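Here is a short note to go with the entry you are looking at. Please read the points alongside the sequence and the 3D view.

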Amino acid sequence: DGAVLVQSTATVDGAASLKSTAAVDGATSLGSTLNVAGATVLASTASVTGATTLGSTLDVTGVASLASSLTVDGHSMFQSSVSAASTVGIGGTLGVSGATSLKNVLSVDGATSLQSSATVDGATWVKDALTVGGATSLRSTLDVVGATSLSSTLEVTGASSLKSTLAVDGLTSLLSDLSVHEHARVAKTLAVGGATSLESVLSVSGATSLKNVLSVDGATSLQSSATVDGATWVKDALTVGGASSLRSTLDVVGATSLSSTLEVTGASSLKST
């Protein structure tokens, strides 16, 4: 019933039952299996040089430090945070059912597939090509520092604001109105298939060539010379505020009414009465 002190080797061939605490001050060597039916409490470090097999749950209430690799053949479930001070290698799929927070860089050497939404609160840096197989929806501004190349159609359902030059090497098709609040400069030919409506002044600094009819519903003011190589047809009154100089014949098919004096400095020829 009292204490038992063994100062040398104790060999037990059969089963040994301890109804209370076994205190061992020195090292303990077990040549075979240690079977513990109840809970086991280790007040200090447990050092295992060989393989360790756990038939059920391993519950660690404090910090667990692994000096080398941890290999798990089956499923692993972490109910709280997992902190890795160095590289973590996962040979298969990593499934995360809850939110994942990364406080530093996420580097992926291979392809990455996201089957649902990806929400990024901060800036995202892509050093290489970003390929999106489906539709892309941006709820705020898209800021591109370098050149942008679109291999197909760019469709904009809302207003588009360009703070600098828009350069288009190929054809541009506008299915609706084009509104320009400031100056617009066309370096080459401007071809308009339908009617063109100008709500303000049209200023042309160079020569203008019209291959068809020019129809003007309102008043037209020409501040300099107008040269017409072909015939000119005026359906209504032609009013000239200044002097008119005709370098060739003036042919009038209908009656001519002069409200004031007709002065002729040269010879006049009348072919009729």
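1. A term to begin with: buried means under 20% relative accessible area, exposed over 50%, and partly exposed in between (1.4 Å probe, protein chains only). By that scale L94 is exposed, with a relative accessible area of 60%.

2. This is a predicted model, where local features need pLDDT of at least 70, side-chain atom pairs count only at pLDDT 80 or more, and totals for chains, interfaces and linings use all residues. Residues are numbered from 1 along each chain as its sequence is written, and side-chain values use heavy atoms, leaving out hydrogens and water.

3. The protein chain has 0 helices and 0 strands (DSSP runs: H or I of at least four residues, E of at least two). Its radius of gyration, over C-alpha atoms, is 48 Å, well over the 19 Å from the globule rule for 273 residues, so the chain is more spread out than a compact globule (the rule is 2.2 Å times the number of residues to the power 0.38).

4. Along the principal axes, the C-alpha atoms fill a box of roughly 165 × 25 × 25 Å. Of the 273 residues, 0% count as buried.
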